[in-house]
Amino acid sequence: MSWQVNYALDFLPKAYAGITAEPLGGDIIKLTVMHQPDVVAAISGAREIDATIAELYLQQSPQIDFLCGYRKECVWHGASIQFLEERGIGWGTPGTLATASQAGKARGAPHKDFRFSHRLLLQTKSVVKGIQRHYDRLYDITVKSGRTLRVGLLLEYEPIADSVRSFWDRFGAVDVFWNINPNGSPTLEAISAAKDLGCEVLKWDDFKEYMGKA
């Protein structure tokens with residue numbers, strides 16, 4: 001049994017009330033929650049989940065409701081997200097899997113850290129005319145002027161300079177960073193680091209205004 005399946009079988013029932021978990025073989029487990037549908041989930045230990053990995057899990061286990069990236073640092077490629085969502089398969093963290101299972105909505109559930117920001121983009125039709133998702137946290141966004149912006153999403157409560165530089169080094173240059181955590185704000189060091197790179201770190205209201213003027 002893989003390390004991530006062992007962790008999931010131990011962690012999820014302890015951390016989330018009313019959940020029991022059992023192995024189904026390989027990386028597949030079943031979660032049971034009283035009065036909710038059972039959930040069949042694949043538990044991946046990959047650091048990045050691309051379309052090939054997603055397709056492989058679905059080929060091996062067509063019955064899965066959810067693909068879970070167990071590592072905290074797991075990055076999802078846009079093609080894998082599209083592949084899963086087109087088939088109604090949920091995707092995201094162990095936390096996403098557990099809370100969605102408790103609510104009876106694991107099948108088709110999106111990653112909890114990016115759910116709100118993605119929905120917000122789709123709903124902001126006055127400014128956003130098109131989006132292309134390269135990774136869970138990297139978009140090309142076409143705004144009303146016709147210009148396409150490269151946008152990086154920073155998850156941190158208070159992004160620091162290293163948050164900005166690490167993202168830039170890993171995913172390449174962006175036009176602007178959007179700090180999507182609703183409860184925090186970027187530090188002055190993060191703002192300065194972004195300025196040195198020729199971009200900005202913005203919260204939603206300022207980011208929306210930025211897109212409107214781009």
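Helices (H or I, at least four residues) and strands (E, at least two) are DSSP runs, numbered from the N terminus. The model shown is predicted: local features need pLDDT of at least 70, side-chain atom pairs count only at pLDDT 80 or more, and totals for chains, interfaces and linings use all residues. Residues are numbered from 1 along each chain as its sequence is written, and side-chain values use heavy atoms, with hydrogens and water left out.

**View A. Lining of the largest pocket.** The largest pocket holds about 540 Å³ of space. A pocket is an open set of points on a 1 Å grid over the protein atoms alone, where a 1.4 Å probe fits, with protein on both sides within 12 Å along at least five of seven lines; lining residues have an atom within 4 Å of a point. Among the 26 lining residues, K72, E73, R137, L155 and E156 are the closest to the centre. Two or more lining residues come from each of β6 (75-76), α5 (112-123), β10 (148-154) and α6 (161-171). Helix α6 gives the most, with six residues.

**View B. Largest nonpolar core.** A nonpolar core is a set of buried Ala, Val, Leu, Ile, Met, Phe, Trp, Tyr and Cys residues joined through side-chain atoms within 4.5 Å; buried means under 20% relative accessible area, exposed over 50%, and partly exposed in between (1.4 Å probe, protein chains only). The largest core has 20 residues, of which L12, I29, L31, I43, F66 and L97 touch the most other members. The elements α1 (3-15), β2 (28-33), β3 (39-44), β5 (66-69) and α4 (94-102) each give two or more residues, and α1 gives the most, with four. Apart from this core lies another, of 19 residues, among them I141, V151, I180 and F207.

**View C. Aromatic pair W3 and Y7.** The structure holds eleven aromatic pairs. Rings of Phe, Tyr and Trp (its six-membered ring) pair if their centres lie within 6.5 Å; planes under 30 degrees apart count as stacked, over 60 as edge-to-face and the rest as tilted. W3 and Y7 form an edge-to-face pair, 5.9 Å centre to centre with 75 degrees between the planes. Because they are four residues apart in helix α1, about one helical turn separates them.

**View D. Aromatic pair Y135 and F171.** The ring centres of Y135 and F171 lie 5.0 Å apart with their planes at 65 degrees, so this pair is edge-to-face. Y135 belongs to strand β8 (residues 128-135) and F171 to helix α6, so the pair ties together parts 36 residues apart in sequence. Y135 is partly exposed at 23% relative accessibility, whereas F171 is buried at 14%. Ring pairs link Y135, F167, F171 and F177 into a cluster.

Notes: Points joined across faces, edges and corners; volume = space filled by probe spheres on them.
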